[in-house]
Amino acid sequence: AAAAAAAAGEDAEEEINEEDLLAQCHEAYEAGKYSPTLIDLQDIDENITLLIDPEEDDYQYEISKQQHLGQHEAGVPATDLDRQCLVEAQRSEVEEGETSFNVQVQLDPKTYLWQDKYRPRKPRFFNRVHTGYEWNKYNQTHYDTDNPPPKIVQGYKFNIFYPDLIDKKETPRFFLDKHVKGSDFEILRFHAGPPYEDIAFKIVKRDWDYSHQHGFRCQYNQGIFQLWFRFKRYRRSEERF
């Protein structure tokens with residue numbers, strides 16, 4: 001009985017000490033005139049609706065922290081799978097006339113049904129644009145090898161990385177939005193599944209050559225979606241305007 005009484009006394013002492021410490025913290029907070037003003041939870045009206053979702057606030061804080069640390073690129077830091085995909089894409093032979101093509105088109109903000117479960121992020125990519133001379137009859141008449149005509153875009157190679165695609169059976173797709181101001185360009189948009197957002201690029205508006213002999217490729221393998229194509233070449237009398 002004596003031992004039980006002693007234990008009860010120790011618990012009461014710990015509770016008193018904890019309350020005293022909390023009271024000292026409150027006094028220091030008020031003395032320092034910090035904001036917001038400290039209020040007791042019991043004084044909050046139960047009918048008040050919180051304007052900030054705690055989970056959303058934590059998510060935004062994490063994004064801000066990553067940006068501050070310089071680790072935030074396209075949504076999340078690069079993973080080993082991202083780097084592996086990049087290495088695989090860079091191994092492909094670089095043809096004459098190819099240069100890097102990495103300028104994105106900003107899409108309108110979109111809400112995904114799965115974004116409450118997975119953090120949306122842009123996929124990484126390694127793209128190339130192929131340029132060259134078009135030796136049609138007009139250019140043959142007005143230009144030569146010493147004074148060549150202006151180079152034009154003749155095709156593209158898109159390598160979009162989806163190494164962390166949740167549904168491994170989901171095949172990424174592409175869409176063409178031809179409703180662009182002016183008739184010379186169109187928007188090429190890539191879509192996959194969670195956790196990846198759509199990504200888009202503005203390309204020259206011309207007819208594609210779907211012949212595999214001329215380099216057309218549309219495949220998804222080992223986390224890399226490849227879309228390679230060249231534009232059709234027409235004789236002067238067949239050119240489309």
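**View 1. The open sheet β4-β5-β6.** In this predicted model, three strands line up as an open sheet in the order β4-β5-β6, with antiparallel pairing. Strands here are DSSP runs of E with at least two residues, helices are runs of H or I with at least four residues, and both are numbered from the N terminus. Two strands count as paired if DSSP finds at least two bridges between them. The edges belong to β4 (173-177) and β6 (199-204), each of which pairs on one side only. Neighbouring strands of this sheet are turned by 25° against each other on average, direction ignored, with axes being lines fitted to C-alpha atoms and angles between N-to-C directions running from 0 to 180 degrees. Zooming in on β4 and β5 (residues 185-191), you find antiparallel pairing over 5 bridges, and F174 sits opposite F190 in β5.

A word on the model: it is predicted, so local features need pLDDT of at least 70 and side-chain atom pairs count only at pLDDT 80 or more, while totals for chains, interfaces and linings use all residues. Residues are numbered from 1 along each chain as its sequence is written, and side-chain values use heavy atoms, with hydrogens and water left out.

View 2. β1 (98-100) and β2 (128-132) run antiparallel and are joined by 3 bridges; here E98 has H130 in β2 as its bridge partner. β2 also runs antiparallel to β3 (residues 152-161), with 5 bridges between them, and R128 has K157 in β3 as its bridge partner. Strand β2 is mostly covered, with 4 of its 5 residues buried. Buried means under 20% relative accessible area, exposed over 50%, and partly exposed in between (1.4 Å probe, protein chains only).

**View 3. R124 in the loop.** Look between β1 and β2 and you'll find R124 in the loop. Is R124 buried or exposed? With a relative accessible area of 12%, R124 is buried. R124 and I160 are 36 residues apart in sequence, yet their C-alpha atoms are 6.1 Å apart in space.

**View 4. F190 and the largest nonpolar core.** The largest nonpolar core has 23 residues, and those with the most contacts inside it are Y156, F158, Y162, F190 and F229. Such a core is a set of buried Ala, Val, Leu, Ile, Met, Phe, Trp, Tyr and Cys residues joined through side-chain atoms within 4.5 Å. The elements giving two or more residues to this core are β3, β5, β6 and β9 (224-231). Beyond its neighbours within four places in sequence, F190 touches residues including F158, I160, F174, F201 and L227, a contact being heavy atoms within 4.5 Å.

**View 5. F229 between two rings.** Across the whole structure, 16 aromatic pairs turn up. Rings of Phe, Tyr and Trp (its six-membered ring) pair if their centres lie within 6.5 Å; planes under 30 degrees apart count as stacked, over 60 as edge-to-face and the rest as tilted. Y156 and F229 make a tilted pair, 5.8 Å centre to centre with 50° between the planes. Y156 lies in β3 and F229 in β9, so the pair ties together parts 73 residues apart in sequence. The rings of W208 and F229 have centres 3.7 Å apart and planes at 10°, so this pair is stacked. Both W208 and F229 are buried. One aromatic cluster includes Y156, W208 and F229, with F174 and F190 also among its members.
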